[in-house]
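This briefing goes with the sequence and coordinates shown here. Please read it alongside the structure.

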Amino acid sequence: MGAAASVTQEEASKFPQYKILGGDAEFDKLKDEEGKVSGDKYADPYLKYGGTYAGDAKDNADFKYVTFDTLPAFTPEHKSLMAKFLTPELFEKLKDVKSSKGYTLSNAIMTGVVTPHLGVGVCAGDEECWELFKDLYYPVIQGWHGYDAANSKHPVDLDPSKLVFTDEQKETFNKYVVSTRIRAARNISGFSLPTGATDEDRAGVE
């Protein structure tokens with residue numbers, strides 16, 4: 001997608017983001033009398049701000065990662081903290097860094113590049129990324145959570161005696177709350193996080 005020449009449905013279906021862009025239904029809406037769609041009408045939004053499909057070991061039939069060899073062309077539409085803190089100098093410093101599981105800076109920033117409205121705009125693919133890309137992650141964490149990851153220690157206090165639940169709070173709670181649920185999620189050391197997971201990782205967790 002993104003080529004100027006018209007393409008057939010068979011040709012378009014082989015493009016990396018065909019399904020994400022609407023698949024057969026979107027092609028049928030755009031096709032002309034010859035059953036083709038002009039490339040300028042079927043441009044790939046994933047490449048709108050730069051990058052190429054250079055091939056990534058994590059690519060699969062449904063999704064292809066974009067590789068950015070140069071700093072993405074950020075616009076006023078890009079609202080994320082990633083876009084704010086990823087300077088040309090920092091991009092050059094980190095662009096060739098890769099975790100042992102193959103997660104790169106391009107992988108990390110792709111979500112914030114191709115979807116400009118996001119507030120955070122960056123992901124971690126595995127536990128090693130938190131150290132490798134901390135020069136980008138830490139300012140983002142500070143800006144989003146107000147937490148200084150470089151110098152602060154996460155507070156933990158599991159003493160239930162310090163919990164305060166007044167009679168007034170209890171009355172309000174009983175009046176409005178029918179049920180509650182606490183959800184805890186954990187990541188497993190040695191396996192990629194969801195944004196960097198391969199089929200092998202998912203099978204290993206199962």
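The model is predicted. Its largest nonpolar core has 26 residues, the count of salt bridges comes to 9, and the number of disulfides is 0.

**Nonpolar cores**

- In the largest nonpolar core, of 26 residues, Ile 109, Val 122 and Leu 136 have the most contacts inside the core.
- The elements giving two or more residues to this core are α3 (81–85), α4 (88–94), α5 (105–114) and α7 (134–145).
- Helix α5 provides the largest share of the core, 6 residues.
- Leaving out residues up to four places away in sequence, Leu 136 touches Met 82, Phe 85, Leu 86, Leu 90, Leu 94, Leu 105, Ile 109 and Val 122.
- Another core, of 5 residues, lies apart from the largest one and includes Val 7, Ala 12, Phe 27 and Val 37.

**Cysteines**

- The structure holds 0 disulfides.
- Cys 123 is in no disulfide, and the nearest cysteine sulfur belongs to Cys 129, 10 Å away.
- For Cys 129, also in no disulfide, the nearest cysteine sulfur is that of Cys 123, at 10 Å.
- Cys 123 counts as partly exposed because its relative accessibility is 23%, whereas Cys 129 is buried, with a relative accessible area of 0%.

**Salt bridges**

- Asp 56 and Lys 58 meet through their side chains in a salt bridge of 3.0 Å, N to O; both Asp 56 and Lys 58 are buried.
- A salt bridge of 3.2 Å, N to O, joins the side chains of Glu 92 and Lys 95.
- Glu 92 is partly exposed at 46% relative accessibility, and Lys 95 is partly exposed at 26%.
- Asp 201 and Lys 101 form a salt bridge in which the closest N and O atoms are 3.7 Å apart.
- This pair links distant parts of the chain, with Asp 201 in helix α9 and Lys 101 in the loop between α4 and α5, 100 residues apart.
- Asp 201 is buried, with a relative accessible area of 9%, while Lys 101 is partly exposed at 38%.

**Thr 198**

- Thr 198 sits in the loop between α8 (167–176) and α9 (199–205).
- At 23% relative accessibility, Thr 198 is partly exposed.
- The side chains of Thr 198 and Glu 200 are joined by a polar contact of 3.2 Å.
- Thr 198 and Pro 16 are 182 residues apart in sequence, with a C-alpha to C-alpha distance of 17 Å.

Terms used:
Residues numbered from 1 in each chain as written. Predicted model: local features only at pLDDT ≥ 70, side-chain atom pairs only at ≥ 80, totals over all residues. Heavy atoms only, no water. Helix = DSSP H or I, 4+ residues; strand = E, 2+ residues; numbered from the N terminus. Buried < 20%, exposed > 50% of the residue type's maximum accessible area, 1.4 Å probe, protein only. Polar contact = N/O pair within 3.5 Å; in protein donor to acceptor, adjacent residues only side chain to side chain. Core = buried A, V, L, I, M, F, W, Y, C linked by side-chain atoms within 4.5 Å. Contact = heavy atoms within 4.5 Å. Disulfide = S-S within 2.5 Å. Salt bridge = Lys/Arg side-chain N within 4 Å of Asp/Glu carboxyl O.
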